[in-house]
Amino acid sequence: MLNITEPYLQFLPCRSSDHLLQPFWDYLLFHYMPLISSPFFPVLLAFSSYFFFSLPFSVLDLLGEKVPLFHQYKIQPNRKPTLKMMGDNFMVTFYNHIFFVLPAVIISIFIMPAPPLPQDAPTVYELFIDMLAVLLLFDTQYFIWHFMHHKHPQLYRWIHAVHHEYIAPFSWSSERLSIPELMTVGFWSNCDPILLNCHPLTTWCITVFSIWMSVEDHIGYDLPWTLNHLVPLGLLGGAPAHDMHHQRPSTNYAPFFSHWDRIFGTAAPLKKKNELKSK
C-alpha cells in the first residue's frame, strides 16, 4: 500500500528532534519554502502585521462614542484621530518601506546572504527564552537611544520629533518614524536575533509580537485585557505609559517594559485627563 507521507518524508531528512513545534516547522518548509526563504519575507511579515493589528483600533477610533463599551477606556477622549490622520500615517509607513526598507534588504542580500533554513524547529522553551532575551535587549537599546534624543534638542528636532507630532497617539502612528529612527530600529530588529543566535521561526515570532506590542502601546485605550494588564507586577508599560510619554515627553522612555524607567526615575503614572488643546 502506498504511504501518502512518502513524498514528504523524502523531502525532509530523518531527524532525531521531537520538538512540539516540529510538525508546524515541517509544514512551513514543505509548503512555503519559496516564501519563507525569501529575504523579503520579514518585510512582508512586519508590514502586514502593522496593517492588520492597526486596523481594528482605527475602526474603534472612527466609531468613537457609538461603541461605549470600548470608548469608556479611551485615555484622551477629547482627542479623536481622523480618517485623514490615519491615511497620512499609513502612507508615511508605506513610503518608508518602499523607498528605504526594501532597498536596504536588497543591499543586505549582497553584503550578508541569509543562511539556509534549518531542518529542526526550536523547542517551545528556546522560542520563549530567545524571544524574551531579544525583547529585553531591544528595550534596553531603545531606552538609551530614546533618552538621548529627548535630552539633546538637535537630535530630537532632526530625528525623533516626527514621532511626536500627535499628543494623543493612535494605532497607525506607531510607525510614524523619521528615516534615521526607522533605520536604527530596523538595524536592532535584524541584528539582535542574529547576535543571540535565534531560530528563524523565533525571529518571525519576535517580529509579529514586537509589532503587536508597539501598536498596542499607541492605541490610546487603557483596555483591561491588554498585555500590560495581563502581565503581573506592572512589568509592561503598555498604552497608559506610552500615552503619558506623548503627553509628558520627559517620562516613560522604554518601549515595552517598565524596569528602566523605574530604575532611572523617569516612570510616570497615567494622566487620563489633560487640559491641553486638541490637536
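Y95 sits in helix α5, residues 83–111; helices here are DSSP runs of H or I with at least four residues, numbered from the N terminus. The model is predicted, so local features need pLDDT of at least 70 and side-chain atom pairs pLDDT 80 or more, while totals for chains, interfaces and linings use all residues. Residues are numbered from 1 along each chain as its sequence is written, and side-chain values use heavy atoms, without hydrogens and water.

- Y95 is partly exposed, because its relative accessible area is 44%, and partly exposed lies between buried (under 20%) and exposed (over 50%), with a 1.4 Å probe and protein chains only.

**Second largest pocket**
- The second largest pocket holds about 260 Å³ of space.
- A pocket is an open set of points on a 1 Å grid where a 1.4 Å probe fits, with protein on both sides within 12 Å along at least five of seven lines; lining residues have an atom within 4 Å of a point.
- The lining divides into twelve nonpolar, no polar and no charged residues, among them F128, M213 and F257.

**P255**
- P255 lies in the loop between α11 (238–247) and α12 (259–263).
- P255 is buried, as its relative accessible area is 12%.
- P255 and G186 are 69 residues apart in sequence and 14 Å apart in space, C-alpha to C-alpha.

Technical notes. Points joined across faces, edges and corners; volume = space filled by probe spheres on them. Nonpolar A, V, L, I, M, F, W, Y, C, P; charged D, E, K, R; others polar. Helix = DSSP H or I, 4+ residues; strand = E, 2+ residues; numbered from the N terminus.
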